Amino acid sequence: MSDDNDYFIGYAAETPARDRRFMLRLGLSLTLGCGALGAGLAAFQRQPGNGTWDVEDRQWQGVVHADPFPMLRTRDVDGTVRSLWLVCPFKCGVRTIVSAYDGQAVTLRGSLIARDGFYMLAAAEGSDWIAPASSTAEPALGLPAAESLERVTLVGEILDMKCFAGAMRPSTGKPHKACASLCIRGGVPPALFARDRRGAYRPLLLVDENGEAHSPEPLLPLVADPVRIEGQLLRRKDTLFLSSPIADIRRT
Amino acid sequence: MSEGYGAVGWNGFKRRYDLSIAGGAITYLVVFVAVTLLTRPADQPMAELQLLIRAFGSLSFLMLTLILCIGPLARFSPRFKPMLYNRRHLGVTTFFIALVHAIAVLIWYHGFGVIDPITSLFVSNPRYDSIAGFPFESLGALALAILFLMAATSHDFWNANLGPALWKALHMGVYLAYAALVGHVALGVIQFEKDPLYVTALGASVVTVTALHLAGAFASAQGKRSPAADGWLDAGPALEIPDTRAVILTPPEGERIAVFRDGLQVMAVSNVCRHQGGPLGEGRILDGCVTCPWHGFQYDPANGRSPPPFNERIATYQTRSADGRIWVNPQGNPPGTPVAPTLLPAAKADQQPPERQP
């Protein structure tokens, strides 16, 4: 083949044989390389966490409480009393709606989000997801008193409980920071995601020094960053809280 | 061959080129998704949209890395020139893959909240004063905006109407886009994924792109010539210029110069193609015209003009021969100026080296 025929011209009908062979080998190599790189990058990702969101709306009964965060106290099928934290179907809370029913027996429709013994209900779309029940509020489903445990200093990451419980997987770290910030801004309960003494990760709902919900705005710049919080550990039956003023939350 | 923009003129090569792009991209996406699904524990599935965000995001970064490597590679080996040709298809595909990533991110991470998604993108992380905490999303948005501008103006219509210089400057923005994307990845997912593979892959991309461009710049600098006392540049022995090929001179100032030999004639023109700034000196003379190796634009080396009906013009340079060496006046003539070729003695031309064998 002459040198003339070897000169590649993109608009020409024929591609020189040498260029055709080279491009074929290069194309195959790049395709295989893409596959290998894709496999490697995919295989070594961190595990995303084990939360689940059963998106089918179901009927629930129990007593709702608005503070510190909206919750439904209900009996499981085996009679166990559980706290189901309430959020809207998107990135917002339901405090305003639940406040109208505070301490009352209700029936409501929502989908269950669950992770490691933490339960949350995403209210069904629309405004008629909650209604007063005909029964009276069972005393055992009342708001559990806060039991003061010990003062602790914990290191972890502030995130929103909805994503942690299963709305997102993964639900931590810098890539999720904006989403967690948006959720907390909208009223989803914030939590400190920290290791306990046994090294296991667990969430602690964050409240202020009075045990009330923090105003979201001051928390937002700290979301998803590594932080150290000095505070009082509280327990309301099946849920742990960490009580501290915003000033005691510091980036590490 | 030259200006006259219209629909893409498909041929077998372009079809194979685009099929290869699609094949490589689909292979990457399928493998990434499949391996992610297969390697997660059954009780820890990744959310589907988050999986697609990662697959499309990493693919667009990989493709931009490849795009930036093609230019220097084509400088070192002509075999890569076909890859350079229609690189715009690769670029436009990269933009659309990045766009899928961005839309999925807007929906998943910034949608359904109490503020609109675009506002959320820029205010949800206010730590613009921190390096480690910097809102990496804004860097991704910057890169996407640049890729959009480049994709939207990739057609020759924009090259002709914006002018080659402005068009080229606009498309040099790809380096800013790449830098922004490196920051986007380094300050984003790399801070979450702790396996060394991710830092290694990012570092390999940066090192490869940087090293290839430095090597290319070094190779270009090697050709820099100091002028003789009269200001003319030595292009070396006439017969060392391969027939229908060129040597490239880098004058102390101004554009590089391509000195072509066509049989017994030596002519010098600007090395910069009016189309996309391609290196004319790496092309050859076909049918009496200097032919750009990038996209086949042609110029008559005797006057720097594209053959009718086209009207692009490049600068021409005066040449002369002395003791078998070619000298070039680096003071270029206005684009399209006819210039007399330097004629070589027939006896010497007969001594020219044999044609290179493939």
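This tour moves through a predicted model, from chain B as a whole to selected residues and surface patches.

**Chain B overall**

Begin by selecting chain B and viewing it along its principal axes, where its C-alpha atoms occupy a box of roughly 85 × 45 × 40 Å. Colouring by secondary structure will show 11 helices and 11 strands. Of the 358 residues in this chain, 50% count as buried. Among contacts in chain B with a separation of 6 or more, 57% are between residues 24 or more positions apart.

Next, display the surface of chain B. The chain exposes about 16100 Å², and carbon and sulfur atoms supply 66% of that area.

Select R40(B), in the loop that runs between α1 (12–39) and α2 (48–76) of chain B. Is R40(B) buried or exposed? Its relative accessible area is 8%, under the 20% cut-off, and R40(B) is therefore buried.

Which residues does R40(B) touch, leaving aside those up to four places away in sequence? From chain A, they are A42(A), A43(A), Q45(A), R46(A), Q47(A) and P48(A); from chain B, there is M46(B).

**The positive patch**

Now select R20(A), R21(A), R25(A) and R16(B), which together make up a patch of positive charge on the surface. Which helix gives the most to this patch? Helix α2 of chain A (residues 17–43) does, with three residues. R25(A) is situated in that helix. With a relative accessibility of 52%, R25(A) counts as exposed, because the cut-off for that class is over 50%.

**The nonpolar patch**

Finally, select F90(A), I103(B), I107(B) and F112(B). These residues form a nonpolar patch on the surface, and their accessible area together is about 360 Å². Centre the view on I103(B), which belongs to helix α4 of chain B (residues 87–110). The relative accessible area of I103(B) is 43%, which lies between the 20% and 50% cut-offs, so I103(B) is classed as partly exposed.

Definitions and conventions: Residues are numbered from 1 along each chain as its sequence is written. Chains are lettered from A and ligands numbered from 1 in the order in which they are written. This is a predicted model: local features need pLDDT of at least 70, side-chain atom pairs count only at pLDDT 80 or more; totals for chains, interfaces and linings use all residues. Side-chain values use heavy atoms; hydrogens and water are left out. Patches are made of residues with over 30% relative accessible area and no salt bridge: like charges are joined within 9 Å, nonpolar side chains (Val, Leu, Ile, Met, Phe, Trp, Tyr) within 5 Å. Accessible areas come from the Shrake-Rupley method with a 1.4 Å probe; for residues, only the protein chains shown count as cover. A salt bridge is a side-chain nitrogen of Lys or Arg within 4 Å of a carboxyl oxygen of Asp or Glu. Lys and Arg count as positive and Asp and Glu as negative; His and the chain ends are not counted. The place of a charge is taken as NZ of Lys, CZ of Arg, CG of Asp or CD of Glu. Helices (H or I, at least four residues) and strands (E, at least two) are DSSP runs, numbered from the N terminus. Buried means under 20% relative accessible area, exposed over 50%, partly exposed in between (1.4 Å probe, protein chains only). Contact means heavy atoms within 4.5 Å.
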